[in-house]
Amino acid sequence: MTINIDRDQTEVLHGGSAAGVPASEEVMRQEVAPRSIPNGSTMIPDRDGLEIGPRRKVHGSTLDDRFNLVGALLAGGALASLLFGWFTPMTGGIGWVVIAFLSFLALYAVLVALRSDGQQVKDRLITVLLCSAGILLFAALVFVVIYTVVRGSSALPHLNFFTQTMKLAGPLDPLDMGGVLHAIVGTLIQISIALAITIPLGITTAVFLNEVGGRFARLVRTVADAMTALPSIVAGLFVYAAVISLITHERSGFAASLAITVMMLPIVIRASDVVLRLVAGNLREASYALGATRWRMVWHVVLPTARSGLVTAVILGTARGIGETSPVLLTSGVTAEMNVNPFSGPMISLPLQVFDFVKSPEPNMVARGFGTAAVLIVLVLALFALARVIGGQGSTQLSGRQQRAAAGASARDIHRIQTKARDIEAARRAAADHTASTSAHTTAETSTDTDTDTSTKGTPS
Amino acid sequence: MKDALDTAFGGAEPATMLDTSEHPAADGTPGSTAAGTAGSTADDSDLYTRRSFASRLSVADTVFRSVSYSAGGITVAIMLAVGLFLSLRAGDALRVAGFSFLTEPAWSPETQTFGIAAVLSGTITIALVAMCVSVPLALGTSLLISEIVPPRLKATLVTLVDLMAAVPSVVFGLWGAFFLQANVIPVASWISTYFAWIPIFQVTSASGARLTDASAFTSSAFIAGIVVGLMVVPTQTSVMREAFSQAPAGEREAALALGSTRWGMIREVVIPFGRGGIIGGTMLGLGRALGETIAVYMIISPVFVINWEVLKTGTNSVSALIALRYGESSEFGLSALMAAGLVLFVITLAINFTASSVVARSRSGAESEA
């Protein structure tokens with residue numbers, strides 16, 4: 001195309017000089033000419049007759065890769081079976097898996113090396129190793145959860161498991177007697193007390209760290225960070241030594257709540273601190289610029305913006321707190337009866353009940369222990385899912401109802417502002433009329449007019 | 001002038017104010033200049049007296065400030081109370097035991113012979129085994145999540161990892177005690193048969209004879225370490241993944257454009273950028289592994305001798321010691337347990353602070369996450 005333009009221009013130039021017309025006309029022709037000749041301008045190339053191949057897949061694996069992988073897997077398994085069954089005296093399931101995996105790696109390396117260089121072989125091998133690490137980890141973790149639920153499934157179908165306590169059920173009683181209602185209630189009471197302390201204190205502290213600041217805030221942050229390192233058993237020991245052995249002299253649900261609080265507080269503070277720090281600075285500045293006090297800024301801007309994040313922080317802290325066994329072990333005491341008074345008498349919770357059940361050698365008690373653990377897992381997973389659902393929607397995303405509410409509020413604000421402005425205007429006119437007799441009348445009138453002018457002019461900018 | 005006044009008075013009642021100041025100028029009388037100057041100097045002296053920029057707090061703000069200050073104060077008070085109380089109560093025992101607290105393996109505060117040599121070495125053994133299990137898994141999984149899997153799967157895996165971090169430790173303890181205990185013995189026995197030339201893999205009785213009986217391999221630091229390792233993998237994975245995902249895209253693309261394979265890119269760009277995350281994540285996991293109580297307590301059989309043979313039955317940990325002995329303790333025994341707890345706390349504190357400073361230094365931005 002560039003060549004075309006060059007030729008056009010040279011032709012035009014030559015033509016111009018041959019005809020002997022003035023230079024200005026030449027220039028004009030030159031400017032007009034390319035527009036009429038399609039070759040001279042930028043144009044989309046004609047796609048007709050061009051062969052466009054299928055889009056190349058950059059990601060994903062080729063047939064070769066898949067063949068290598070499947071082939072190596074099959075060959076590895078076959079080789080291990082041969083070794084274990086016929087050639088060598090090796091036995092054991094774990095050994096088979098290890099040998100099969102190693103021979104799979106070796107065979108895969110050989111297969112890849114047939115078609116590509118050393119770098120590629122290394123790349124493929126590492127990819128396979130990383131994938132195996134991931135699969136192993138997720139399989140192990142999922143297996144831990146499923147194992148618990150499956151072992152507990154003999155206790156779970158009995159409805160009495162959720163509606164009765166262990167008061168009348170001994171270790172030898174069948175599974176259709178007794179249940180863990182007292183532990184469920186105990187867990188709920190303890191976590192509620194812990195939350196009642198943690199939520200206000202934790203969130204206010206996080207607000208303090210972010211909105212007030214200063215040297216003391218840095219100290220608070222350091223101390224809170226340090227406390228996340230506190231081993232949970234030490235938190236339990238502290239409450240045991242400070243509250244139980246010095247003050248109350250008996251284990252109680254309240255002491256357990258205190259121990260859980262000491263564990264949860266740093267977690268909630270740190271998580272909320274991170275969330276509050278993410279609130280955009282221009283939102284804060286905007287609200288200050290509108291004349292809000294710091295308190296109103298926090299209450300009407302910072303906290304609502306960070307709401308979903310704060311809820312997530314609290315729920316994650318709750319999930320941790322519910323699952324803590326060791327602080328509760330030292331502080332709450334073990335009981336088989338329902339106790340709804342957190343201030344007197346032992347009050348058991350779910351993790352402690354699990355621990356207590358599986359200490360018994362009786363298979364029924366062990367089954368109850370697994371059942372209780374399954375209940376605990378379900379509770380924790382439900383809390384976690386709730387946190388995901390709430391935390392998943394960003395702070396700026398509003399549901400339909402919230403959007404309508406916000407629009408309504410804006411409309412009311414506009415109405416309020418306009419009414420107020422009209423009232424002020426009317427009052428001002430009335431005042432001006434009232435002072436009409438004085439010489440200041442005209443000045444006041446003009447100044448009011450200019451004032452309105454500037455204000456209307458000022459509004460759009 | 002007028003604008004200045006408007007602004008100064010917030011434009012609240014401009015008409016009345018302007019009335020007085022504008023009047024002489026608008027009047028047009030010969031004396032107007034003088035009067036105007038006089039007026040403006042009078043005003044100027046008002047205007048140019050230095051306005052104090054220190055804002056006076058409203059009542060609500062004062063209350064807000066004091067409430068938030070006191071919340072911070074209460075938090076610090078609770079935390080310091082824990083630390084001070086532990087140190088004070090631990091002081092009794094430490095004064096009696098002196099330096100032998102760190103070297104004495106036995107634990108009987110009643111006879112004044114007690115120390116944490118056995119429990120601390122057990123804690124460290126378990127934590128080291130846990131690290132051997134968790135670090136390769138966490139490193140592999142975090143690289144897998146951040147570099148290899150497609151985006152849609154990535155979100156799911158990240159959620160799954162976070163979810164696993166919330167599974168209660170008693171559940172892991174159950175799994176370790178009822179499943180792993182029985183199934184890992186052949187492996188332990190095999191290792192001790194073929195790798196006995198490495199001292200820590202030996203399993204010998206007190207007289208030095210080699211043990212091959214299955215009961216010699218139960219309740220060992222090895223089994224407890226595997227379980228604790230699995231428990232801390234999610235924590236480590238999420239810290240490492242966070243660090244890896246912050247490796248700059250430009251340098252990744254540069255490496256790929258120079259013809260490197262994906263592994264070459266990971267080795268030359270992602271891992272150097274994420275080194276702080278790897279170290280920090282490992283140490284955070286180590287801190288949790290040291291403090292883990294209930295899973296360890298359910299698996300091990302406590303002994304009060306220093307046992308470096310990780311496969312052999314019998315080990316101990318500081319937190320398991322506290323869980324085991326708190327109930328029967330006298331006032332002095334409790335103080336000794338507090339001393340043990342304090343030592344554990346100081347160790348985890350040091351590890352955590354090192355970890356968070358390493359992670360913070362490796363980050364470019366000001367953001368930080370747990």
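**Exercise 1. Confidence**

What is the mean pLDDT of chain B, and what percentage of its residues reach 70 or more?

*Solution.* Start with the setting. This is a predicted model, in which local features need pLDDT of at least 70, side-chain atom pairs count only at pLDDT 80 or more, and totals for chains, interfaces and linings use all residues. Residues are numbered from 1 along each chain as its sequence is written, while chains are lettered from A and ligands numbered from 1 in the order in which they are written.

Now the values. pLDDT is the predictor's confidence in each residue, from 0 to 100. Its mean over chain B is 80. In that chain, 84% of residues reach 70 or more.

Next, go by element. Helices (H or I, at least four residues) and strands (E, at least two) are DSSP runs, numbered from the N terminus. Among the elements of chain B, helix α2 (residues 14–27) has the lowest mean pLDDT, 41. Helix α5 (residues 117–148) of chain B has the highest, 92.

Two residues are in contact if their C-beta atoms, placed from the backbone, lie within 7 Å. Over residues 1–42 of chain B, pLDDT stays under 50, and the model has 33 contacts beyond four places in sequence for them. Residues 364–370 of chain B also stay under 50, with 8 such contacts.

**Exercise 2. Two chains in outline**

Describe each chain by elements, burial and contact range.

*Solution.* A residue is buried if 20 or more other C-beta atoms lie within 10 Å of its own, exposed if 12 or fewer, and partly exposed in between, with C-beta atoms placed from the backbone.

- Chain A: it has 18 helices and 0 strands. Of its 461 residues, 35% are buried. Among its contacts with a separation of 6 or more, 68% join residues 24 or more positions apart.
- Chain B: it has 15 helices and 2 strands. Of its 370 residues, 43% count as buried. Among its contacts between residues at least 6 apart, 73% join residues at least 24 apart.

**Exercise 3. The interface**

Characterise the side of chain B that touches chain A.

*Solution.* Count both sides. Chain B places 77 residues in contact with 85 residues of chain A. Helix α4 (residues 59–97) of chain B gives the largest share of the chain B side, 19 residues. Sort that side by class. Ala, Val, Leu, Ile, Met, Phe, Trp, Tyr, Cys and Pro count as nonpolar, Asp, Glu, Lys and Arg as charged, and the others, Gly among them, as polar.

**Exercise 4. The cores**

How many residues does the largest nonpolar core have?

*Solution.* A nonpolar core is a set of buried Ala, Val, Leu, Ile, Met, Phe, Trp, Tyr and Cys residues joined through C-beta atoms within 7 Å. The largest has 187 residues. Those with the most contacts inside it include A:Leu237, A:Val380 and B:Met338.

Take A:Val380. Leaving aside neighbours within four places in sequence, A:Val380 is in contact with A:Ala319, A:Ile322 and A:Gly323, and with B:Ala166, B:Val167 and B:Pro168. A second, separate core has 7 residues, among them A:Ile99 and A:Phe104.

**Exercise 5. A helix pair and an enclosed helix**

*Solution.* Two packed helices are described by the angle between their axes and the distance between the axes. Axes are lines fitted to C-alpha atoms, for helices over the stretch in contact, and angles run from 0 to 180 degrees between N-to-C directions. For α9(A) and α10(A), the axes come within 9 Å and cross at roughly 145 degrees. Residues of α9(A), including A:Ala235 and A:Val239, meet residues of α10(A), including A:Leu258 and A:Val262. By class, this contact has 10 nonpolar, 3 polar and no charged residues.

Turn to α15 (residues 350–358) of chain A. There, 9 of the 9 residues are buried, so this helix is largely enclosed by the rest of the structure. The buried residues include A:Gln353 and A:Asp356.

**Exercise 6. Positive phi**

Is A:His249 buried or exposed? Is B:Ser219 buried or exposed?

*Solution.* A:His249 lies in the loop between α9 (232–248) and α10 (253–277) of chain A. Its phi is near 60 degrees, a positive value in a residue other than glycine. A:His249 is exposed, with 8 other C-beta atoms within 10 Å.

B:Ser219 lies in the loop between α8 (185–194) and α9 (221–245) of chain B. Its phi is near 50 degrees. B:Ser219 is buried, with 20 other C-beta atoms within 10 Å.
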